[in-house]
Amino acid sequence: MWWGISPPLDLQEEIKKTDSNDLLEFLIVGESDARHVIKTISSLYKHPRRKLKFHIIEATIEQINRSILFLSTCLETNLGLQEATCYYLDILGNTLLRSATAKFLIQRAKKLSQIPTKNIQCPWLNLEFLRHRDKDQIESIFRFWERATREVLPITQYWDKRLRKSLESRYDYRDGLFDWDFHMILKNRNTPNLTHQEYRFWRENGIAFTWIEGEPSRSNPTLISNIIPEGKGFLHFAYLGDIKNGPFFTWALNEDYTNKKLRSTDVAEKEVMRSIYEIREKAPMCEEIFSAHRDSTILTGTIVTEMPSNEIEQESWSNDKFKIETINLEWIAIPEIEIIFHPIEKLNRFMEKEEFHEKFSLIFLAHNMTKQISNLVPLLKRNCPFIVESRKFLIELKNENLTEFSAELQNIANENGLRNVNNFDSQKQMFARFLKT
């Protein structure tokens, strides 16, 4: 729910041979974490200059909030390169944040809550297609994040309850179950650099990315679901996200690092840092840049932290005791991009609006939304790519389930005039690529 299970794509690279217009519009459905948008923006310098519009649909408003926060973090001008990278990954995949990240989240949530009311102008963001109640909810979620980061939010207890409910009688033997899932399933599906220690630590506590600098101690409220204002406070449905697969299969899935002794955290850190650097500098990041920000001598070890004591996690940061300076948000000027969010209800309504027919140069669809293919194909230009995320890294699926998914997806594609261009096999590939005939 909170992250994808496939690596980020440069969407311009995907359409290089199919659309050479000065305006490219992409429809991205169920991305969850803005990774394809970030990767595409970071690769602008590789392509002819043209206007790009990203139309994004997410299943929940909380996912829209997280996407806005991730994009803002990558585009912000007053953050250090490694600082922005670690903030991004910390918030992306950890139930507990380091203190520095928690302070950052409080500051940014307070500022970003003013975007829906237009008290802050965000030049790259367009929320006009959302309903008024959606914008109000976006504002409320940012305000909840600010308050919940300061106050007590027992997210590790929420995580443990999810584990107990999921495993039932197997809970006391969960270490063996985690070992089985890692060695017998994930390693057989080619997961370079994901270490046994990282995966087990995440399955137990929900902390995927760890560094030697700083201990995680503050709950991450961006992973809380169904946030609803109630009186002077909020109601929510605790943690309802993934507890089996993890956020390792996005930025950490880079086969170039297969033969190096790096953790998923190290690979993800380098790839996110590369994207942020290339957004800023409009040039490729060389190895020396990463080395200047990260001591290579600590990359070959496995860093797994201990969980903090309950007293640290439960300590409230009141406004009087813990004041955070006000900051002015400034973003890198990229006038050629526009990021547009649409409500989930639009999926069934796009077909009714003629202006959306054959509008998009590329459509990306998450693995759990394949039933929407028939609604989306009419929106795609002819001879343009339709990309569907694979289910390769879902550990709850056996190989025969993946084979069934491949066959089912091919049947849906055939029925809707899509031609398979990469002989898709969900056991081996991370994307199914089609062209509209």
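## Helix 3 and helix 4

Axes are lines fitted to C-alpha atoms, for helices over the stretch in contact, and the angles between their N-to-C directions run from 0 to 180 degrees. In this predicted model, helix 3 and helix 4 pack with their axes 9 Å apart, at an angle of about 165°. Angles over 145 degrees count as roughly antiparallel, and helix 3 and helix 4 are therefore roughly antiparallel to each other. The crossing in which helix 3 passes helix 4 is left-handed.

On the side of helix 3, the contact involves Arg66, Leu69, Phe70, Thr73 and Cys74, which meet Ala84, Tyr87, Tyr88, Ile91 and Leu92 in helix 4. Sorted by class, the residues of the contact between helix 3 and helix 4 are eight nonpolar, one polar and one charged.

## Helix 6 and its two partners

Helix 3 (residues 61-75) also meets helix 6: the two axes come within 9 Å and cross at roughly 65°. That angle makes helix 3 roughly perpendicular to helix 6. Here the crossing is right-handed. Ile61, Glu62, Ile64, Asn65, Arg66, Ile68 and Leu69 of helix 3 are in contact with Asp134, Gln137, Ile138, Ile141, Phe142 and Trp145 of helix 6. The contact of helix 3 with helix 6 comprises eight nonpolar, two polar and three charged residues.

Helix 5 (residues 99-112) packs against helix 6 (residues 132-150) at an angle of about 155°, and their axes are 8 Å apart. This makes helix 5 roughly antiparallel to helix 6. Helix 5 passes helix 6 in a left-handed crossing. From helix 5, Ala102, Leu105, Ile106, Ala109, Lys110 and Leu112 take part, and from helix 6, Phe142, Trp145, Glu146, Thr149 and Arg150. The contact of helix 5 with helix 6 contains seven nonpolar residues, one polar residue and three charged residues.

Side chains of opposite charge can pair when their charged atoms come close. The model contains 22 salt bridges, on the criterion of a side-chain nitrogen of Lys or Arg within 4 Å of a carboxyl oxygen of Asp or Glu. One of them joins the side chains of Arg108 and Glu76, with an N to O distance of 2.4 Å. The pair links distant parts of the chain, 32 residues apart: Arg108 belongs to helix 5, while Glu76 lies in the loop between helix 3 and helix 4 (81-93).

Strands of a sheet pair through backbone hydrogen bonds, either parallel or antiparallel. In this model, eight strands form an open sheet with mixed pairing, in the order 4-8-2-1-9-10-12-11. Strand 4 (125-126) and strand 11 (418-420) stand at the edges; each has a single partner strand, so one side of each is left without a neighbour in the sheet. Strand 1 (residues 23-29) and strand 9 (residues 362-365) run parallel and are joined by four bridges. Within this pairing, Val29 stands opposite Leu365 of strand 9.

Helix 2 (residues 35-42) packs on the sheet, where it touches strand 1, strand 2 (51-57), strand 8 (337-342), strand 9, strand 10 (385-389) and strand 12 (431-436). The direction of helix 2 makes about 170° with that of strand 2. Helix 14 (residues 399-415) lies across strand 10, strand 11 and strand 12, and runs at about 10° to strand 12.

Technical notes. Residues numbered from 1 in each chain as written. Predicted model: local features only at pLDDT ≥ 70, side-chain atom pairs only at ≥ 80, totals over all residues. Heavy atoms only, no water. Helix = DSSP H or I, 4+ residues; strand = E, 2+ residues; numbered from the N terminus. Parallel < 35°, antiparallel > 145°, perpendicular 65-115°, else oblique. Left-handed = near helix turned anticlockwise from the far one by under 90°. Contact = heavy atoms within 4.5 Å. Nonpolar A, V, L, I, M, F, W, Y, C, P; charged D, E, K, R; others polar. Pairing = 2+ DSSP bridges.
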